[in-house]
Every structure is written in C-alpha cells, then in structure tokens.
Amino acid sequence: MFEPSKTPRIFGLAPGVDFATALVDGLIERTKGDDPFLLARTEVFLNTQRMVRRIQEVFDERGNLLLPRLRLVTDLADEPVASDIPPAIAPLRRRLELTNFVAKLLETEPDLAPQSSLYDLSDSLAGLMDEMHGEGVDPERVNALDVTDQSGHWARALKFINIISGFYKIADSHPDKEARQRLVVQRLLKSWASEAPTHPVIVAGSTGSRGTTALLMEAVSKLPQGAVILPGFDFEMPSSVWDSMDRDTGGEDHPQFRHKIVVERAGLTKGDVPTWSNHPCPSPERNKVISLSLRPAPVTDQWLSEGHTLGDLVHAMKDVALIEAPSPRIEAEAIALVLRKAMDDGKKAALITPDRNLTRQVSAALVRWNIEADDSAGQPLALTPPGRFLRQVGELIGAKLTSEDLLALLKHPLTHSKREDRREHLLRTRRLELHIRRHGPAFPSPETIIAWSNGKEAERDEGLRDWGEWLAECMRDSEQLVEAHLTELVAFHRAKAELWAAGPKSATPSGALWDEAAGRKALQVVTELEDHADAGGILSARNYLSLFGAILSKGEVRNPDTVHPMIQFLGTLEARVQSADLIILGSMNDGTWPETSAPDPWLNRKMRRDAGLLLPERRIGLAAHDYEQAVSGKEVWISRSIRSDEAETVPSRWLNRLVNLLSGLPEQGGDVALQEMQRKGREILGYVAANETVEERVPPYQRPSPRPPLAARPKELSVTQVKTLIRDPYAIYADKVLGLRALDPLVQTADAPTRGIVIHSILEQFIKSGVEPHDPTALETLLAITDAALETECPWPTIRRMWRARIARVASWFIEGEKQRRALGTPKYFETKGFLKLDNLDFMIKGTADRIDETEDGAVLIYDYKSGTVPSEKQQIHFDKQLLLEAAMVERGAFEEVGAKPAKAATYIGLGSNPVERNAPLEKHPADQVWDEFGQLINAWMTFERGYTARLAPFTESEAGYYDHLARFGEWDQTNEIAPEDME
C-alpha cells in the first residue's frame, strides 16, 4: 500500500472534509491494481464504535469489496502477545474496591471529608489512577513533587492518593483497564521492534491526546506499512506559527497543538504531513478565516498583517449563519426549526453540542412534528422509567416511608405492571390516596395498610385483601435496613423492585421491569453491581443510594429503530468523523464551548505539569479542534443564547474571535459577511416568534359575581363561615353551590390548623383532668399532657420540639388566667355542637363552641382558643362574628346540652407568640342585636340581585383564598368593576 520510506508516515485531512469518506476512498485508491486481498489484510484502528459503523456504511456504498479489519484501539487486548497478561479488572469492581478503602480512611479520619462524598471521592481517585496509568506516571513521581509552597491541602490529598499506591503494586497481576491497555501496547511495540508486521496498519481519527494512544500512533507511523491519519489537520497554518506553539506560551489550548505533539514525536515537521486523499474541503476560503481567527494568543497581531490575504469574506462566509437567541428555550426552538427545514429540503442535519440540556429542549421542540433525532448520547438511564423506578424503590431503604413516596411509587407505570388487572390496581391506589388524605397517617406502615385493606373497603372489593398483603410485603423491612454489606443491599433492592413491579400473586416475577431497551440496560447495570458487590464493604442506606444513583447515571439507552435517519445529535467526539449537509453548533457560550474545567480535588495545574499528567488546557484544545472541524462543514449554523436562566452569557472565545476578525476587516466585506450571518439568524428567530404569536388574544376575565337561583343558594352556614360570606362570598358560592372542596393534603403538614387542633386537645385534656389552676402541680400537669399529646398527634420530631417550646412559653400565662376564669365560672361543656334556624327563613346556622363555663347565677361564659391572631373588636363587629353569634345561639337554646341561658361574656384566648385575652363586644352589640343583624344579612343573600362577589372585602390585598384560581384572580384585581352573572 505504501512506498518504502525512511521517515514515519503521518497524513492529515483538512477541517470540514468528510473523514470517513476520504479515509475509505484513500484506502481504495491505494490498493487499486494491487493484490485484491491487500485491503482485507489491512488493519485500521479507530477510536469509537460509531466511527466503525460510519466507515462500514461508506464501504457499503462503494459496492462489493473485501473490507479491511476495522478495530477499536481497545481491541488490542485481544492481541496474541497479550495472552499471558491477566484480564483487566472490571472498572466497577475497581471503583468499589477504592470505595472500601476510602470509607475506612474516612472512618479513622472523619475530618478529611463528609461521608456523603464517599463515592464521588472514589470515582475521582479512580479517574486519577486511570490517567496515571495512561500517561505512564507512577505514584512515586507524584509523591516526589515539590509542594513546599502549597497549603495543608496537599497533606490531606496525599492520604487519599496513597491509596492508589497499593493498587500500583498489584498492577501486573491485577491490572485495571488503562493499566492493561498500556501493558499490551508496550508488549506489542516490543514485538514489532523484533518482527514488524508486513501488512498495512493504520491508526485513523485520533488526535493522540492520551499517552497510551500517542505511544501506539508513534509506533504505527514507523512501521514499514504503517500510517497515522490525523483529522482536522490545519494545512493553512503557517509553519512559523506551528513551530512557535508550546506549553510555556499557552499553546496547548490551540486546536492543532495535539497534532503538533504527534508529529514532533515522530521526528517530523508540519511540512512533512501530506494530505491523505484529494477530497476537497467544503470551503477552503472559510478554512483560512477560521485558521487565522484561532491563532495562538501571542500572535493574534497577525490578524492585521495577514487579514488582507483572506480575499472576499462575504463569499467565504456565505454558508454560515449566526443565531443569537434571547434565551435557551428560544435557541432550542430556533434549532428545531432549522432541523425541520433541513429535513424538508432532503438534507442530512446534525446538532453538535456538549450541552445536554439544549439537546433535551430541542428534542422536546421536535416532538410537535413527531420527529425523534438520532442522539449519540442516548437517554440517561437514570431518567428512563426503569431508572426512575429503581431509584424510587431505593429511596425507601433505611428511610421512613411517607405517603407521598408510597403513592408516587404505586402510580409508577412499572408498579404492578404486565397485569390484566392493572386498572383495578389504579382504582385501589386512588381509594387508598383518598383515605390517606382524609385520615392519614403521615407515615404509612404495613400494619396500617393491612388494617385499611381488611376494613369496609374490602366488602365491595374481593381482591383488596390480597392487594393490601402484597403492598404491605413491599413495604416491610425497608425502614429497618439502615446499614449492611453492599451484597445484601443490592440483593434486597433488586428483590423489592421486582416485588413492586410484579404485583400480588403474579405469574411474571418481575413484571415489565426488565423489558424493552431501558429495562434490559437497567438489568445489565444491576447484574454487574451484583457480580462485583463483594468488593464493596459495609454501607449506610444513604451512601448506598448515592452509589447506586452514580452507577445508574453512567448508563445510556438508545433506540435506533425509532429515530429519524436525517437528524442527528452528536457530541463533539462523535462529530469528528461524521458528515452532514448542515451542521449546527449549539450553545456556543463560554462554559459550554469550551466546557468549564471540572475542579481537581487532588493536584493543581503546576503539580500536574511537574508530574507529567494532562493539563486542564488539553480539554480546551480538544474542544477547539472539534469546533474547527465542525465550523468548516458545508452549511453551518452557530447558535447561542444571550441570557441563561440566571444571567447574561459570554460568547464562546472562538466565536468571539471570529466575530472580532470579521468586524475588523470591513474593506474585504467582513462586516457585511457578519451582518448577513446575523440576518439569517434573526430570520429564524422571527419564525419562532411568529410560531408563538397568538393571533386572537383572549380578553382578561372580569371580576366574577355569580348569581345562582335562590333554590341553589346555601341553606346553612357555620359560624366561622359567616366571616367568609362577608369577606369573600365567591368562596361560599364555590363551596356550597358548586360543591367544590380542596382535597386534603397528601402529606400532612405542621400547618396552623394542625397546630390549633393539637392545642385545643391539650387544653381540653388539662381542664378535664380536674387539676385546679391553684394546684402547685398545675404547670407540671399541663406540660406532661402536652408531651403526651404531641407524641401521639405530632409525628414530626423537630416540629414537636418547636410546639412544645411554644406551649411552654404560654403555659404559666394560661394557668394564671385560668385562676381568674375559674373564679367566674365552672368549665362544663367542651366542643359542644349547636344548631339554630332563622325565623321566617329556610336557613340554619351551626357551630361548635370550644368551651362553655357556667356561672353560679346560671349564666354562661363562652371561650374560644386561638393559636393564631385574635380578631380586634372592630373586626368582630363587622367580619369575625363567631363569638357574637355563638352568644346569640346560646341565649336561644341552640346548644342542646347547654339549654337557653344568658351569655354573660364571650372571650377569645389567644395562645400565639403574644398571648392575649379579648372579649367579644357584647355590651355594644347585645345578642338580640347580633341576631337581628344576622337575619338581615342572610335575608339580603336570599335576593336574586345579590351576587357572590370574589374577594369582596379581603383583610389584606395579599391574602390568598382557596378559590382564587377558580375566580381567575390575577386577571383582575380589587380595582376592577364587579361583573354580575346570572347562573341557571
């Protein structure tokens, strides 16, 4: 295939050239007329499986040919020379082993790091060890670093890094993947030195950014029939600039720096690198512009001296557009429109971006046209239905089960799956939810579930008992497993997940959990974790969940059968060798292109340099190379959002350079070219805006005041609802006329009503206990009753302590006031219900008095406990008429237990942060007057002209009502006119 040469063979392909097509055509051209089996004997090493598939597709397009051996660089492990090297330890097992050692270190020295970072630290250590193996750096070299000018951080980091040293000692007998790869390459190079292969060996598509791969590329380039083909080689760069790039001058972040390292290690110069094939790049003129814009920082002054050589910039940039969207969402919508138009035009289009949030948003935008793109990264396994299901089941281990978690899991589509009676399962789940909302408990247990399933509900549902037993079995033992060995935790997790998925008495032991592509991938991940769990140690349930979530998040699921063949989402690595008629570089902002370097918890930049490890700039240089390769395509759209969700964004440094270069060359049409690029982007953004424009705006809703028929109006109210009738009549309409009531909360919360119920219960128990307030043990008794009541009625430990402290602050004040109250009367009636009809009106008022005391002369004293703010006298006269009405009801015999007795006083006992007693103004508004005024109020509401106006007299403008959303409050406010509406 190749003529004999005394120098290594390194070829290049210019940016923008279809790498796969050029590679295949170059191979065919070089073997034409030779031995027909020469192509079949040729070995081509590639760096991704996607590249292998693409090259196979190109060969298929060329007709009937004998194919070369297409191999991944990782396939070197199968070389005969490596047969005696032990197989590599599975990466997961090595990480679990590291986790075990890190856990023991944190146990002995807990100040080093929190336990919650256990897996993250282990994963980071594993990454450092892989890098050290790949670059040929041993721990002794790291330990020997001069750190005299560093802080105490190094001493802490060294304790973790020393863990790696133990694994290096067994690297020959128990190598990990990177260590074995380097051992194989070294063994192969030694074999080639004594007996070089006679067939062609080619390494194609790699930049040589990793040490082991660079070692292989150097050796292959020196073989008699070996060659290296570099992607995106910038032939336009002057040799003087090429020669000036080095680490000391910041050249490592340049897109061609890795190529320079590969070429120099082979003893060549830039001029010694020929092109692999005669395939032209889409736009040589544009390549020159891009090359000049990316010159290393020390020589950017060459823009001035060489800018005039670029020619007509309008022609050079004619196939480039720039979208500058106001937000990430608008950017995604614009990209979706560009992809849709490309599809309609019969063009193959690719979105290239490292931003996974952007690809998800674009995917969502494409759904409107039923288009699913071929996403190279696939969907994260953790976000698939099986992934979410496994995480939900895992969250129950070692934790107290809440109603929210229980019902979320019961409603998951994989729970009780693959069953004909899943409809009944959902109906039972709904009934259980209504029961929990109404009756609780806040933390369901197997016993409470069995009690419910064997109760009244079982009388109308024969299968409910079996369903309840199954659900109780699913819940059983999870909370108790707080800590265990990883093997036990994984087995328990899988067993419970399969039980939840199967349902009661199921013929399929795992339901549909392991079905479909996502289920099969999840099963693979779980099985692998089971296989290597013995390498783990004792973990808490929380640490296990963190570990499981991290392992699950590394999985990806792709379904190539449902994707559109003309639209691809590519990461920057896959984009190096893919071809498309239209390329979109998405999210071209700093922090994405290039990505922000992840913080290194172990070594700073100087230490990495001294140790011979990879520098942070390497990633920037690789991203720059991917940008240069992509922006040189046939038709290119560059997109970015001007703002993120939080702040203004900064354009990518490479886009900034391109814009500045074009702006600075007006004589060659640079400014016109930039304006045309931006015009195309604005045009697409205009289509997005038009697509979202509502032609016919819906007029805002008017302030409602429905007038239902008199027969439909409420015939009874409670004394506490009278206030609502006055302040927000619409709430009474929604409740009493429409019959709409808010569901009880799924998760019982420690809100004000709950606190009020608990306080009422405590005070009632204290009064009924018979302990006199003058008794020295009264305070002690009250607090003891408080503790007992909170223990049974307040399931939140933190809230329990807060409420206990709150009651303790007012306990003495309450007992002192109770002495005066006992002097006035004797507590006799508690939580007494009363009913009373209005004369001449078909209307009943009802209420429940917290406490009624009797005086010696046969009168009564009414008390109402308030845990919140006590209404003022004016508020009671005009709005909060509860106690005034209760007094009127007592005098008219509404409370059967009490009988008709005069009300001497009615008092609020406020038990808030500022305790206070406040009497109802019975002297100013006697019971007879209150009753007459109430009759007039109800009579007014029994006239058809009176509408139930929304928010008629709210206490504050910001006060929220239960039915504000139904009244569409927000489309109108208090200043709007009332719009009466007759209801039929």
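This is a predicted model: local features need pLDDT of at least 70, side-chain atom pairs count only at pLDDT 80 or more; totals for chains, interfaces and linings use all residues.
At 11% relative accessibility, Arg-608 falls in the buried class, where buried means under 20% relative accessible area, exposed over 50% and partly exposed in between (1.4 Å probe, protein chains only). Arg-608 belongs to helix H26, residues 605–611; helices (H or I, at least four residues) and strands (E, at least two) are DSSP runs numbered from the N terminus. With neighbours within four places in sequence set aside, Arg-608 is in contact with Leu-128, Glu-131, Asp-600, Leu-603, Leu-613, Leu-614 and Leu-615, contact being heavy atoms within 4.5 Å. The partners are Asp-610 and Lys-606, at 2.9 Å from N to O, and they sit four residues apart in H26, about one turn of the helix. Both ends are partly exposed: Asp-610 has a relative accessible area of 37%, and Lys-606 comes in at 42%. Elsewhere, salt bridges with shared partners tie Glu-772, Glu-818, Arg-821, Arg-822, Arg-851, Asp-853 and Glu-917 into one network.

By this rule the structure has 71 salt bridges. One of them joins the side chains of Lys-159 and Glu-109, at 2.6 Å from N to O. This pair links distant parts of the chain, 50 residues apart, with Lys-159 in helix H7 (residues 153–169) and Glu-109 in the loop between helix H4 (91–108) and helix H5 (118–135). Lys-159 is partly exposed at 35% relative accessible area, and Glu-109 is partly exposed at 27%. Another salt bridge, between Lys-260 and Glu-264, spans 3.5 Å from N to O. Here both residues lie in helix H11 (residues 257–265), four residues apart, about one turn of the helix.

Turning to the strands, five of them make an open sheet with parallel pairing, in the order S1-S5-S4-S2-S3; two strands pair if DSSP finds at least two bridges between them. Strand S1 (10–12) and strand S3 (69–72) are the edges, each pairing on one side only. On average, neighbouring strands in this sheet are turned by 25° against each other, direction ignored. Axes are lines fitted to C-alpha atoms, for helices over the stretch in contact, and angles run from 0 to 180 degrees between N-to-C directions. Within the sheet, strand S2 (residues 43–46) and strand S4 (residues 201–204) pair in the parallel sense over three bridges, and Phe-45 has Val-203 in S4 as its bridge partner. Helix H9 (residues 211–221) lies across S1, S4 and strand S5 (226–230), running at about 130° to S5.

Strand S5 also holds Ile-229, a buried residue with a relative accessible area of 0%. Gly-205 is 24 residues from Ile-229 along the chain, and their C-alpha atoms are separated by 6.4 Å.

As for rings, the structure holds 19 aromatic pairs. Rings of Phe, Tyr and Trp (its six-membered ring) pair if their centres lie within 6.5 Å, and planes under 30 degrees apart count as stacked, over 60 as edge-to-face and the rest as tilted. Trp-452 and Trp-467 make an edge-to-face pair, 6.4 Å centre to centre with 70° between the planes. The two lie 15 residues apart, in helix H20 (residues 446–453) and helix H21 (residues 464–475) respectively, and both are buried. Ring pairs also bring in Trp-470 and Trp-500, giving a cluster with Trp-452 and Trp-467.

Charges sit over rings too, by the rule that NZ of Lys or CZ of Arg is within 6 Å of the ring centre and within 35 degrees of the ring normal. Arg-30 lies over the face of Phe-11, at 5.1 Å from the ring centre. Likewise, the charged end of Lys-400 sits over the ring of Phe-443, 5.4 Å from its centre.

How values were computed
Residues are numbered from 1 along each chain as its sequence is written. Side-chain values use heavy atoms; hydrogens and water are left out. A salt bridge is a side-chain nitrogen of Lys or Arg within 4 Å of a carboxyl oxygen of Asp or Glu.
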